[in-house]
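Have the viewer open while you read.

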Amino acid sequence: MTDFRLTAQHTDGDLALAQVAGELDIDTAPHLRTQALALIEQGHRHLILDLAAVTFCDSSGFNALVGILRCAKSADGTLVLAAVPDRLARLLNLTGLDTLLPAHPTAAHALVAHTPSPDTATA
Amino acid sequence: MPQAGHATGPAGTPGRRTLSAAEEAARIDAVRRYDILDTPPDGAFDRVAAMAARLFKVPVASVTIVDEDRIWFKAAHGLEGVSEIGREPGLCGSAILADETLVIPDTFTDPVAFNNGLVTGPMAVRFYAAAPIITGDGHRLGTVNILDTKPRLITEDDTATLADLAAIVLDELEMRLAALNALRTEQERRIEQEEARQRAERDKSAIEAFASTLQRTLLPPALPVVPGLELACHYATASPQNVGGDFYDVFPLGGKRWAFFLGDVCGKGPEAAALTSLTRYTLRAAALIDPDPDVVLTSLNTALLLDPAVGTRFCTAVFGVLEPHEDEGFTITVATGGHPPAYHLRGQGAVEAVQPKGGMLIGALAGAHFASHSIHLAPGEGLLLYTDGLTEARTLGGEMIGDEGLTRFLAARTGPVSAATVIGDTVDLIDAMPHGAGDDVALLALSVPLADAAASLTATATAHTIAPAGETPERRP
């Protein structure tokens with residue numbers, strides 16, 4: 001089992017900020033998915049994932065991000081990324097996911113961007 | 001002088017009784033159990049016979065086993081060239097019927113023995129004594145005998161000694177049986193191990209054969225011959241037991257146009273294979289309806305999203321169409337869906353990534369958009385398509401080759417580009433990695449030969465490699 005951790009930090013109303021740490025691969029991606037979907041089900045339909053501590057992400061990790069995005073959208077919510085590591089950012093760009101997953105330099109930026117109106121983050 | 005077990009009466013008297021058919025059958029089973037009949041001479045039994053002869057100062061002593069219809073001599077001292085005699089006239093045939101050591105002091109006066117061949121024949125046996133060899137469960141296997149040509153009497157101690165010799169024979173038989181059983185168990189164990197090994201070997205080759213057969217259905221059996229173009233490919237799965245998730249194909253669109261694609265489905269194994277198959281045939285069919293690469297990838301995206309069996313799997317792919325350029329070489333139009341860029345090798349070390357903006361993962365999201373981009377592939381130039389097994393292969397230092405490493409590797413190539421050489425050198429690059437690629441790798445290269453080389457171009461080069469180049473992939477660090 002590779003190292004993976006999701007810590008929900010900021011859960012105000014329909015917003016949740018979760019810190020993701022470790023590797024996103026075939027072992028851990030299902031956990032990311034399950035835990036993120038649980039947050040959405042609890043009513044936090046706007047989800048910010050802080051990826052500052054993610055050390056690796058393969059296609060399974062992408063699969064999980066896509067799944068979470070779909071779920072958030074079907075709940076009229078959003079998925080926003082923060083502090084995306086360089087390599088992951090390149091892969092997001094390569095796969096075209098960067099156009100669907102807005103990214104902010106830090107979790108704080110993402111929170112600020114969310115605050116005025118929940119819809120600005122998806123713009 | 002008392003003679004223990006001395007029997008003078010006819011068979012059926014207390015000294016000599018008959019065995020019931022069931023008793024005899026059980027006795028024969030016991031004889032068979034020791035697996036002693038017809039075995040070659042054995043020092044241990046020869047010594048018992050010699051010892052008996054010496055102890056009792058008789059000319060003949062033997063160790064016999066009584067079979068169904070014969071008396072077989074395991075050891076015979078003083079009896080040359082006799083290995084067995086019939087059971088009926090045998091004295092020890094009677095002896096095994098006795099409860100204790102049978103002693104016939106003078107055969108002439110014994111109602112059974114006087115008529116025996118040993119007595120009436122050239123041996124003229126006058127004295128006979130036999131101690132039964134009795135197993136732990138009470139079966140009499142045979143006897144230890146002493147014979148003399150003169151009548152004699154023996155003491156109670158003597159008969160006890162003879163019984164001891166018979167007990168030694170039994171001990172020896174038991175030891176042999178234990179050794180035989182140990183040997184048999186060991187052999188059976190070895191046979192079982194060998195069978196298990198062969199079974200595992202068969203299973204393994206069946207799985208490998210299945211995987212490689214399935215793999216072949218997911219890849220073109222051979223690249224087609226495209227006039228004016230050199231093609232080469234390479235395919236290696238990380239494990240011979242598994243079907244890879246990488247795929248490629250080159251096929252005609254009619255006229256002078258051709259299509260090609262290369263991609264990677266998420267995951268590996270049977271489910272990924274099903275998606276690969278669906279992807280490959282969807283791409284072929286879509287391209288025949290409308291070969292615009294952007295449209296083809298959009299069709300694939302829709303097909304994957306509509307197929308409930310696909311689940312949440314997606315794929316990445318590069319799809320291209322080539323048609324002869326008005327001057328020379330080919331015009332290639334490429335669309336990318338979430339896949340690493342193709343590299344346009346301009347010759348003399350010039351390398352350009354071909355990456356139309358906005359190509360998203362295929363089959364992940366409705367409304368995914370793709371874009372295409374055209375290049376001119378001139379003589380001496382080439383195009384390399386690859387899956388990320390190449391760029392994610394790790395060097396001895398644990399670093400991935402990466403886009404930068406691949407670009408440097410390709411830029412180091414000077415001179416006109418040959419598809420076969422590009423593939424060959426790239427495979428060498430992967431093989432030079434300490435763990436090989438560690439993942440599936442698909443490579444496809446196209447090149448336009450220079451005018452003088454084009455004349456000699458006859459066919460395409462293919463390099464299918466299904467077995468892994470390295471060892472089993474290790475966990476990514």
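Helices (H or I, at least four residues) and strands (E, at least two) are DSSP runs, numbered from the N terminus. This is a predicted model, where local features need pLDDT of at least 70, side-chain atom pairs count only at pLDDT 80 or more, and totals for chains, interfaces and linings use all residues. Residues are numbered from 1 along each chain as its sequence is written, chains are lettered from A and ligands numbered from 1 in the order in which they are written, and side-chain values use heavy atoms, with hydrogens and water left out.

**Confidence**

The model scores ipTM 0.70 and pTM 0.61. As for pLDDT (the predictor's confidence in each residue, from 0 to 100), chain A has a mean of 85, with 92% of its residues at 70 or more. Chain B has a mean pLDDT of 84, and 90% of its residues reach 70 or more.

Contact here means heavy atoms within 4.5 Å.

**The sheet in chain A**

Strands count as paired if DSSP finds at least two bridges between them. On that basis, chain A has an open sheet of 5 strands, ordered β1-β2-β3-β4-β5, with mixed pairing. Its edge strands are β1 (4-12) and β5 (103-104) of chain A, each pairing on one side only. Helix α1 (residues 29-41) of chain A packs on this sheet and touches β1, β2 (15-24) and β3 of chain A, and its direction makes about 10 degrees with that of β1(A). Such angles run from 0 to 180 degrees between N-to-C directions, with axes fitted as lines to C-alpha atoms, for helices over the stretch in contact. Further in, β3 (residues 46-57) and β4 (residues 78-82) of chain A run parallel, joined over 5 bridges. Asp50(A) sits opposite Ala82(A) in β4(A).

**The sheet in chain B**

Chain B has an open sheet of 5 strands too, in the order β8-β9-β10-β11-β14, and here the pairing is antiparallel. β8 (246-254) and β14 (372-377) of chain B have a single partner strand each, so one side of each is left without a neighbour in the sheet. On average, neighbouring strands of this sheet are turned by 20 degrees against each other, direction ignored. β9 (residues 257-265) and β10 (residues 315-324) of chain B pair over 8 bridges, and Asp264(B) stands opposite Thr316(B) in β10(B). Helix α6 (residues 270-289) of chain B lies across β8, β9 and β10 of chain B, at about 20 degrees to β8(B).

**Cores**

A nonpolar core is a set of buried Ala, Val, Leu, Ile, Met, Phe, Trp, Tyr and Cys residues joined through side-chain atoms within 4.5 Å. Buried means under 20% relative accessible area, exposed over 50%, and partly exposed in between (1.4 Å probe, protein chains only). The largest core has 63 residues, and those with the most contacts inside it are Val20(A), Leu32(A), Leu47(A), Leu49(A), Ile68(A) and Phe319(B). Helix α2 (residues 59-74) of chain A gives the most to this core, with 7 residues. Leaving out residues up to four places away in sequence, the residues touched by Ile68(A) include Leu32(A), Leu47(A), Leu49(A) and Leu79(A). Another core, of 33 residues, lies apart, with Val48(B), Trp72(B), Val103(B) and Ala131(B) among them.

**Aromatic pairs**

Rings of Phe, Tyr and Trp (its six-membered ring) pair if their centres lie within 6.5 Å; planes under 30 degrees apart count as stacked, over 60 as edge-to-face and the rest as tilted. The structure holds 5 such pairs over all chains. Two of them are tabulated here.

| Pair | Centre distance | Plane angle | Class |
|---|---|---|---|
| Phe251(B) and Phe261(B) | 6.0 Å | 65 degrees | edge-to-face |
| Tyr343(B) and Tyr386(B) | 6.0 Å | 10 degrees | stacked |

Tyr343(B) and Tyr386(B) are both buried. Phe247(B), Phe251(B), Phe261(B) and Phe319(B) form one aromatic cluster.

**Two positive phi angles**

Asp35(B), though not a glycine, has a positive phi of about 50 degrees. Asp35(B) belongs to the loop between α1 (21-34) and α2 (43-56) of chain B. Lys57(B), in the loop between α2 and β1 (60-66) of chain B, also has a positive phi, near 50 degrees. Lys57(B) is exposed, at 70% relative accessibility.
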